[in-house]
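Subject: Structure handover

Hello,

Here is the structure I said I would pass on. My notes on it follow below.

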Amino acid sequence: MKKILTLSLLFVAALGFAQEEETSKLSISGSVDAYYQTYLTAPDNEGVSFGTAFAGKSGFALGMANLIVSYEGEKAGAVLDLVTGPRGAGATFNSDIVDGIVNQAYVYWNVSEGTTLTFGRWNTFLGYEVIAPAANFNYSCSYLFSSGPFSHMGLKADFALSDDVSLMLAVTNPWDTNDVSMTGEYALGAQLGFYGQYLNLYYDSGKNDGLGFEIDYTGGFDVSDSFFLGINAAYNDNSEIGGGFYGAALYPQLATSDSFSIGLRGEYFAIHGDGDDLPSVFATTLTGSYTVDNLIIKPEVRLDALTNVDSGEFYGKFLDNDGMPSESLAAFTLAAIYSF
């Protein structure tokens with residue numbers, strides 16, 4: 001009788017373990033964020049903004065909420081990333097794929113140990129920053145990030161050439177065409193990863209409001225156990241408009257304790273093309289990051305200074321405290337981000 005009871009208990013335990021192992025293939029994660037922003041050198045009620053992606057409101061505002069559901073099988077899996085809120089609407093243009101609710105939706109197949117095929121819509125491989133604020137050190141976004149693609153709709157192949165070298169090749173719809181391409185055109189993308197440094201390439205024809213060609217470097221180095229230096233640089237050229245953009249940004253970040261870090265984003269961004277004295281901007285953003293469990297609190301001060309922009313209108317609208325056009329704009333932002 002004891003043997004039968006023991007075997008029964010072992011069977012129940014094994015069954016429970018198998019069920020736990022099976023259900024662990026399904027995972028749910030996401031984040032919610034909100035912020036307060038006030039302009040230090042301009043009125044809050046005149047519609048001023050830096051013009052870069054997201055977080056462009058004054059006063060109290062919602063960022064976004066996203067829910068990521070993923071299922072990982074032995075050889076294949078799927079990811080669905082749903083998003084809502086102003087940041088989510090800006091990332092999806094609030095018009096494509098179920099009124100801007102879908103941020104990412106893709107399936108993948110691990111063809112071999114070092115090769116993965118991904119089919120669907122996935123966030124861009126270009127640039128240092130990403131859409132979800134929980135993964136960025138600075139809460140506001142750079143001009144470089146705001147000028148490139150946010151997402152791609154298509155097919156990509158990832159190859160792990162070694163533990164430290166990777167290659168990605170992609171064919172997608174043109175720039176930020178996240179549902180159906182009506183032009184009959186496609187874009188090409190590639191990424192070479194080498195010991196944590198990434199060289200990214202993107203090309204479409206530039207027609208029909210396309211991006212053209214962009215080359216981007218994204219990387220960083222652990223200078224010490226507590227100091228990290230992130231780097232991003234990019235050059236874009238679109239033959240259809242006879243110009244493009246270029247720029248570079250540095251992201252030094254210092255961890256002063258297990259719960260607090262401070263970081264700076266220094267960015268130079270400029271337009272190139274026909275003509276002289278084309279617009280450029282130097283943007284400096286100082287951000288603190290304090291973590292309590294899964295909550296991140298980020299106080300941030302940002303100052304952008306324009307060159308060759310007398311009207312104060314570049315990506316956004318710069319005014320002084322008298323409501324007149326200005327070549328500089330400063331703001332204070334306090335953001336809270338919860339991840340789960």
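Two strands count as paired if DSSP finds at least two bridges between them. Strands (E, at least two residues) and helices (H or I, at least four) are DSSP runs, numbered from the N terminus. This is a predicted model, in which local features need pLDDT of at least 70 and side-chain atom pairs count only at pLDDT 80 or more, while totals for chains, interfaces and linings use all residues. Residues are numbered from 1 along each chain as its sequence is written, and side-chain values use heavy atoms, with hydrogens and water left out.

Strand pairing

E2 and E3 run antiparallel and are joined by 8 bridges. They form a hairpin with 3 residues between them, and Ile 68 stands opposite Asp 81 in E3. E2 also pairs with strand E1 (residues 26–39), in the antiparallel sense, over 12 bridges; here Ile 28 stands opposite Val 69 in E2. E1 is joined in turn to strand E16 (residues 328–339) by 9 bridges, again antiparallel. In that pair Asp 33 stands opposite Ile 337 in E16.

The largest pocket

A pocket is an open set of points on a 1 Å grid over the protein atoms alone, where a 1.4 Å probe fits, with protein on both sides within 12 Å along at least five of seven lines; lining residues have an atom within 4 Å of a point. The volume of the largest pocket is about 290 Å³, taken as the space filled by probe spheres set on the points, which are joined across faces, edges and corners. Its lining has 18 residues, and Asp 81, Gln 104, Asn 123, Thr 124 and Val 130 lie nearest the centre. Two or more lining residues come from each of strands E2 (59–72), E3 (76–84), E4 (102–112) and E5 (115–123). E4 gives the largest share, 3 residues.

A buried threonine

Thr 172 lies in strand E7 (residues 165–172). Thr 172 counts as buried because its relative accessibility is 4%, and buried means under 20% relative accessible area (1.4 Å probe, protein chains only). Leaving aside neighbours within four places in sequence, Thr 172 is in contact (heavy atoms within 4.5 Å) with Trp 122, His 152, Met 153, Gly 154, Tyr 186 and Ala 187.

Regards

Definitions and conventions
Buried means under 20% relative accessible area, exposed over 50%, partly exposed in between (1.4 Å probe, protein chains only).
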